[in-house]
Each structure stands twice: as C-alpha cells, then as structure tokens.
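Here's a friendly walk through one protein model. Have a look at it first, then read on.

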Amino acid sequence: MLDISQYRSHPNKSLLDHTRGVLEGVQLRTNSKVAEIAAIFHDVGKINPHFQKKLDGENGKGYSNHSYLSAFSFLSFCANNQSGILDLFGNQKEWLASILAIIAHHHGNLPDFKNIILKEEETKRLITFLEQNTCLPASDFLQELLPHKPFSVLEQPNREHLCSSVPIQLIRTISNPIDFFLETQFSFSCLIATDKVDASGFSPNPDDISSFCHSYNNKLETYLSNFSIKSPLNKLRTKMRVEAVKNLNSELKNGTRLFSLTAPTGSGKTMMLLALADEILKHQPNMRIIYALPFLSITEQVAEISYDVFKGLTEHIRRIDSKADNSSFEEFQKELDANPDESNKILAEQFAEDTFDYPFMITTFVRLFETLVSNKNATLLKLPNFSNSIFLIDEIQALPPRLYGFFIALLDAFCRKVNSYAIISTATMPNFDLPENNKHDLKSFFNDYSCPPELLSLEHFENSLFNRYNLERIPEPIEIHELADLIANEAASGLVILNTIQDTKDLYDILSKRKSKAKIVLLNTHFTPNDRLNKIDTCKAILEKGHRVILISTQLIEAGVDIDFPIVYRDICPIPNLVQSAGRCNRNGKYKKKGRMIIFDLQKNNQSRSTLIYRGKDSRFLNYAKEKILDRVFEEPELLFLQKNFFVEIKNKTVFGLHESSQFENDEIDFIERIKQGAFKEIGKFKLIDDNEFGEQNRYFIPKSENDNDFDTLQKYYQELKTIATKDHTGRRLARLRLQNQLRRMAGQIIQIRLHKNGNKPLVSDECCGISKISNEYYDNETGIRLNVDNQIL
C-alpha cells in the first residue's frame, strides 16, 4: 500500500496537507472550477523523487521542475477521464487549456495561449525524465482529492500526446473571450496567492474588514456633521451628496455594479465617494474599499483626509504607492533587531501590502489598471483582494483617451464576476457608450455591459455657485516675453500652467528678474516632492493673507490639488485638461468678481509649444480645443457641453481598445483582438506610462542638508544584503524589506525625471539601488535641479 503521507511540499509540510490547504483557500476566494482543479493538480509533480531529495538539501542534477510534471499529470488525467472533465466545462476544451497553463506556470507568469502553452525545451527534459522512471504515483495521490479513473504519467501514449500539438488544439477557439480572460486570470491569481499563504502561514484576517466596516458609518457621519451648514456651498454639497446616495440606492436594487459620478470641481467629490461607499456597505456589508487616483500628489491628499475622517481606525487604512511609508515596518524592525525570532511580523506586513490585504487602501491608477490586464505573478497577487471590494476611482479622465471605454467595460465585467462595485468620478466624464462603427462587435464581446448610470443631475453644473469664472482665449499666438508682460500687468494673484518644464523655467527666469511685490513661485517635477508640497502650502498661505503670488507650474497642479486663484493662465491643451486647470480658478467662489481663465497658444521659434506634448495621433485632441475655444467668452457651465461633445468625438473617431506603445509588437495593441487570442503575455506588457515615448525614468536623491545621512544608510543596507548567503531566503527577504522601507523614507527627497535613452544626465556624486545622489550645489528649492548644456533634460 503506497504511503501518500511520505511526500512533502515543503521541508516541514506534507504535500497532501498543503494541497488541501490550497484547495480550501481557493474555494474561499472563488467558486471557479478552473481554480479548484488547478489547485488540486498544481503541486502533484512534487512526488518526483528528485524534488523530495531537494527538500532534504541534496543538490542533485536530476529533473525537478514540479510545475511541468504537474501539468503533464493533468493532461494524463484528462486522457483517461475525458468525458467527465469535459462535462464539467460544458464540452469547451479551452478551459482545459486554461487549467493546463495555470498549473504549468504558477511559479511564473501566464503565457500567450496563441503560442505553445508548454515550452518545447522544458517538455523534452520532462519526457527524458519520464522515460527514466518507473514509479510516479500521481494518480494514487490525486485519488485522495479527486476520485477518478486511474492513469499513469509513464504510459507511452500520454508521452506522445505531450509531444504533439494537443495543448495548442485545446485553444483553437474561445467561445466567450472576455469571460475566459477574466476567469483564467482570476483563477491563476487565486491559486498563486493561496499557495503563498499556505506555504508562509501569513493568513488574511477577515475580522479587520468587519471591524472597519462596522465603524465606518459612524466615523463618516461624525466628520460630516462638523461642516458648517451656513455656507451656501456646503449646503449645495450636502444636497448633491444626498441626491447621489439616493440614486445609488435605486441602482443597487437593480443589480448595477458600475456607477458614474460627474460633479463640478470643488463640489466635494471625496466626501461624496466616501458616502457612496457607505451606502454600498449598507447594501452589502464587509467589503474592502480601494480608492484609486492617477497621481501620487493626490493619493497623499486623499490619505490625509481619510486618516482624519476615520480617526481611531487608521491601522486599517493603508496608502500603497511608491512613496508611501509604512510605519509598521519600523516598529517591527525594532522588534526584529531585539529578537530575531520576530521576523514573521515584518514579512507578514509586507505580504499584506503585496496582496492588498487591508480594509481601506488609497493607491494609484498604475496599481489598479495595470493589475486588471496583467499576466505577471507578482502583480496578480493582489487581484483576489479586488473581489468583494468597492472601487472609488477619481479623475478617471486621466486614463489614456483611447482606452476610456475599454477599461470601463472591462471593469464592469470584472465587478460582475467577482462581486465588486465601482464608482468612477470626475468633473470631465468621458463617454462610455460602446461605439457601433468599430472593427469588433463590441456589444457581443461585452454582452452584459451597459453604460454606467449617472448618480447626479448635470443641472448642478448650471448652479450659480458653479458659475465661478469666465474663459477667454487670446486669439493670436504669443511668445514667452509677451506672456510675462501680460502676467506682470495683472493686479491679482495668478496661476500659470504651461505644457513643458523648460517653459516654466523660462517664464520664472523672466518674471523673477523684474521688480515686483508679488512672490514668484516655480513648480514642476524638477523639485523634490517635499519641496513641491511646501511650495503649494506657501502659495496657499500667501493667498489666505490676501497678498499677491504668481505660481508657474506644469500640469501637475491641474487635477485634485485644492488651491484657489482669481486668475489662471493656461497654454492651449485638450478640453479635459483645460477644464481641470480651470478647477483652480475661483474654486471656492470666494472672490467678489468672477475668476478669469485665459487660454493662449505659446510659441517658440514659430512652433506651438503644445505640439511637443500632444503630438502624433494625440494632436487631434489638441486641435479640437483649438477649433472650439475661439475668440469669445465662455462661462463655466458652457464647458460641460463642450467637453461632452469632445468625448463623443473620441468615442466615434478612435478605435476602441487600440493602444499605441513601443512595448507591444508593431508598436500597438488591439486589446479586443488579443483577448480573443488569449494573449495574456502580450496584454500583460501594458504600462500606463511608456518609457520609450516619454523617456526612461531616472531617480535622483537630494539631501535635505549636509547632515542628511539617508543615502549612506541606503548604501549600508544594500551592502548588508549582498553579504547574506543566497540560501538564506528569510534573511535576504528581511534585508530587502529594510532596503525598500529606507527608500520609502527617502521618497520625499527623490526626484523622478524621464530622460531620453541617449540623453546626457545630471552630474552625480554617488549611486545605489538605481538612485543617483546629487549634491546640494546642483539643486536649490527655488529653481530645482541646476542643469547645464551638457546634462540638459529634455
């Protein structure tokens, strides 16, 4: 009688216990049969005697790739149990291919199904191994988990199947491509996440979500009660919030999952979104909340508001982005230094962050939307916790315009599949109707999709409280000196938003040399994040005192930053950017006169500066603004209809789901076509920011002072990591975490700049972990990084 218990999955864990643990964990996350079958088979290949010896520390040269042996065991099982397994999946063979790929690649990334799912070289190595063995009791082991007609992985016909095109034939056609894509991706993510949970012991704590959600309503209502009801604007904000919640309630009863919240800038969208999440929690308790925003500066702002609203619950709130500092790491690190046995606490905290295992998270579009189309193991660890969640997605217009409709339709399908909800919000809402004149039959592809219902009446845009400025355009192109003259002749404070960093520097140089009582402030990405925040706070303080300040900025100021100027000058740009910029003009309606928004076309050497940013096919978005914003005055409410027409233009005149980027074959991807092909690897290349188009990202550390030792500490931690033996996996993980946390502590002093590959770079004094240190002589907080001709950043 074969003793199944002798086989192990890890040095101190039986294979049977591990497989059962993973199976139970997967079943808690999803009811997918794909995920369930993959969980049963995923580690059966560990019965390989070479793998068992490996667990004992023996460095044998024998074949030990358990994933491919597991995948072959599944193929052998299918060969002997064909009718049963096909009945389970409605006789659709593509699901067998899905399971095969998940098993074979659960320690890697999902492959392109249009190519060979099993790599030829690795398959040949497996066949050689099979020919040399006489005992691989995969079927006996699996009987404990899935009763079946016995099979043998050593039988000659099965090996011949492995050599043939059977894996390819399984995926010739996909009956429902979007469902296949989502099901395969989610099943894969559930398996890899649960596999790591069972192996590590870092199990999630559902009580945290329950505790947070139980107190959510009380904390929010208490916070909202502190707002003055005497303010006309606050009265209107309350009215809009109540209306949105009421409309949401009605739609929830209809089973709707995706909602639109279009509200004017300054109308209190953050509080509205939090209130809408509260209403969903009343409808369906104990859901995770994921608040996604396009820019790091806004994630910081929303995180501060959230900590303030939910005082006493901040241990359940995490801001997760490249700059967010997790204070728990430092606490656990101190415990670890005192007691090396405390390593699990810090590893568990990092695992929770990697998997998005918190009740309330504030994160970036990059982490949300890149995950939704990813094939990568490390990225997809968080996807299971996108289920049973409420997505609050603000500034949705910041997505690439050609992908507006695709991502919203994808998000809707995802939410329906995994019991989640999403509210998309902006003052400039795109058009999400599926176009009919597309190369694909989109209504058939997204067969359950309907345009997200609007939670607010657009009549609010016509309220006098949101008629805060007039917009006018200077009819003729102007040079930088002419722009400087116009601004200098203004009596009031002003915000100037330009399209390029160099233009902001040039204008600052001109104005700062003139005699003026106004404070001239320069703001762009050539300053550290800490200095950027300080500059915004400085401007706010000056405005509050009624003194004059001129802020010269790139578009980083235009979305989500709560600052209010009586006058805004904006270099010509697409309509959504223009409206977002105008959101900084008389934002709170506190000025006696209406604000003034002046649009101009800045030129240099007879070239429009805007064409440096909005070029190629994107030039049509710029040209639309040039054609529609002519020599007449627009009132704020009129811009709503201007932007609605703009988004209809995008919907009708761009190819749905087509995205241009050098990351893909032929420099573009048709997401719909690739999903039909099951091209997970190709789709997974997607990045919101194309390094080749906008330049490679370079990071530079600016010390706060001569006594700033943060970079030295980083180098110290890096050297310590290098000394740890490769086999000491726990030690190396802890060292990497310490290194990562140090990088986060330094984030406020790190500038991220995109340079063309062949461009010259700033002079640096030292380098570590991909970060260059620049001495203070090349940086100051008035003008940023000092550049000369030799290291000019483009």
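## Ground rules

This is a predicted model, where local features need pLDDT of at least 70 and side-chain atom pairs count only at pLDDT 80 or more, while totals for chains, interfaces and linings use all residues. Residues are numbered from 1 along each chain as its sequence is written, and side-chain values use heavy atoms, leaving out hydrogens and water.

Buried here means under 20% relative accessible area, with a 1.4 Å probe and protein chains only.

In a regular strand, side chains alternate between the two faces of the sheet. In S7, Ser 389, Phe 391 and Ile 393 are buried on one side, and Ile 390, Leu 392 and Asp 394 on the other.

S7 runs parallel to S4 (residues 288–293), joined by five bridges; strands pair if DSSP finds at least two bridges between them. Ile 289 sits opposite Ile 390 of S7. Five bridges also link S7 to S8 (residues 421–426), again in parallel, and there Asp 394 faces Ser 425.

## Helix H31

Now for H31, residues 710–723 (helices are DSSP runs of H or I, at least four residues). Phe 711, Leu 714, Tyr 717 and Leu 721 are buried in H31. Seen down the axis, the buried residues of H31 fall within an arc of 120 degrees (taken from the directions from the helix axis to the C-beta atoms), so they line one face of the helix.

Terms used:
Helices (H or I, at least four residues) and strands (E, at least two) are DSSP runs, numbered from the N terminus. The expected span of a helix is 1.5 Å times one less than its number of residues. Buried means under 20% relative accessible area, exposed over 50%, partly exposed in between (1.4 Å probe, protein chains only).
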